[in-house]
Amino acid sequence: MDKAFGSLIKDHKKVKSIIEELLSTQANASVKRRDLLLQLKEELKLHEEIEENVVYPIFEEKKQIKDLTLEAYEEHHIVDVLLEEVENTETNDETWKAKLTVLKENLWHHIEEEEKRLFPEAAKILKQRELDSIQRDVTQIKESEGSKTL
């Protein structure tokens with residue numbers, strides 16, 4: 001797969017790790033759960049902004065992957081709704097972990113679709129200058145965001 005998507009795949013791994021850590025927490029670890037949930041929300045927000053403002057618009061122009069791209073937008077929306085549901089549930093509520101598990105399942109599906117179908121297909125059909133542009137823009141946004149957190 002093209003290196004243009006390497007940073008996004010790295011984000012996927014980080015998000016998966018945060019969710020796994022969240023799922024391993026106990027109900028009485030409310031501070032840790034809230035901290036991890038905030039970290040997850042920040043990671044997802046930046047990742048979605050990059051995909052929706054940099055990557056997906058380029059994908060949408062390609063008829064071969066337009067449907068997959070439109071589906072990816074909708075999956076982002078569902079993940080956002082589920083994340084909000086988890087956030088609005090007390091961390092010691094017995095349904096909290098179930099809600100987080102449903103979020104995880106939806107997120108894993110989305111990640112798998114991107115990594116196994118959307119990104120590989122895009123790498124085949126996009127011109128090298130488009131791939132380079134994606135990589136450059138993603139790197140620039142991430143570096144800009146990184147400097148804001150210092």
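Student: How many residues does the largest nonpolar core have, and which of them have the most contacts inside it?

Tutor: In soluble globular proteins, nonpolar side chains tend to be buried together. In this structure the largest nonpolar core has 21 residues, and F5, V55, F59, L118, L126 and I134 have the most contacts inside it. A nonpolar core is a set of buried Ala, Val, Leu, Ile, Met, Phe, Trp, Tyr and Cys residues joined through side-chain atoms within 4.5 Å. Buried means under 20% relative accessible area, exposed over 50%, and partly exposed in between (1.4 Å probe, protein chains only).

The model is predicted: local features need pLDDT of at least 70, side-chain atom pairs count only at pLDDT 80 or more, and totals for chains, interfaces and linings use all residues. Residues are numbered from 1 along each chain as its sequence is written, and side-chain values use heavy atoms, with hydrogens and water left out.

Student: What does V55 touch?

Tutor: Leaving out residues up to four places away in sequence, V55 touches F5, L8, I50, I134 and V138. Contact means heavy atoms within 4.5 Å.

Student: Which residues of helix 3 are buried?

Tutor: An α-helix has 3.6 residues a turn, so residues three or four places apart point the same way. In helix 3 the buried residues are I65, L68, T69, A72, E75, H76, V79, L82, L83 and V86. Their cover includes helix 2 (30-60) and helix 4 (96-125). D67 also lies in helix 3, but D67 counts as exposed because its relative accessibility is 63%.

Student: What span should helix 3 have?

Tutor: The expected span is 1.5 Å times one less than the number of residues. Helix 3 (residues 63-87) has 25 residues and so should span 36 Å; its end C-alpha atoms are 37 Å apart, which agrees. Helix 1, with 18 residues, reaches 26 Å from its first C-alpha to its last, close to the 26 Å expected.

Student: How many cavities of 30 Å³ or more does the structure hold?

Tutor: Rolling a probe the size of a water molecule over the atoms shows where empty space is left. The structure holds one cavity of 30 Å³ or more, and about 90 Å³ of space lies in the largest cavity. On a 1 Å grid over the protein atoms alone, a cavity is a set of points where a 1.4 Å probe fits but cannot get out, and lining residues have an atom within 4 Å of a point. Points are joined across faces, edges and corners, and the volume is the space filled by probe spheres set on them. The lining includes H12, H47, E75, H76 and H110.

Student: Is E130 buried or exposed?

Tutor: E130 counts as buried because its relative accessibility is 10%. E130 is in helix 5 (residues 128-148), and its side chain makes a polar contact with the side chain of K62 (3.2 Å). A polar contact is a pair of N or O atoms within 3.5 Å; within protein, one must be able to donate a hydrogen and the other to accept it, and residues adjacent in sequence count only if both atoms are side-chain atoms.

Terms used:
Helix = DSSP H or I, 4+ residues; strand = E, 2+ residues; numbered from the N terminus. 1 Å grid on protein atoms, 1.4 Å probe; cavity = no way out; pocket = protein on both sides within 12 Å on 5 of 7 lines; lining within 4 Å.
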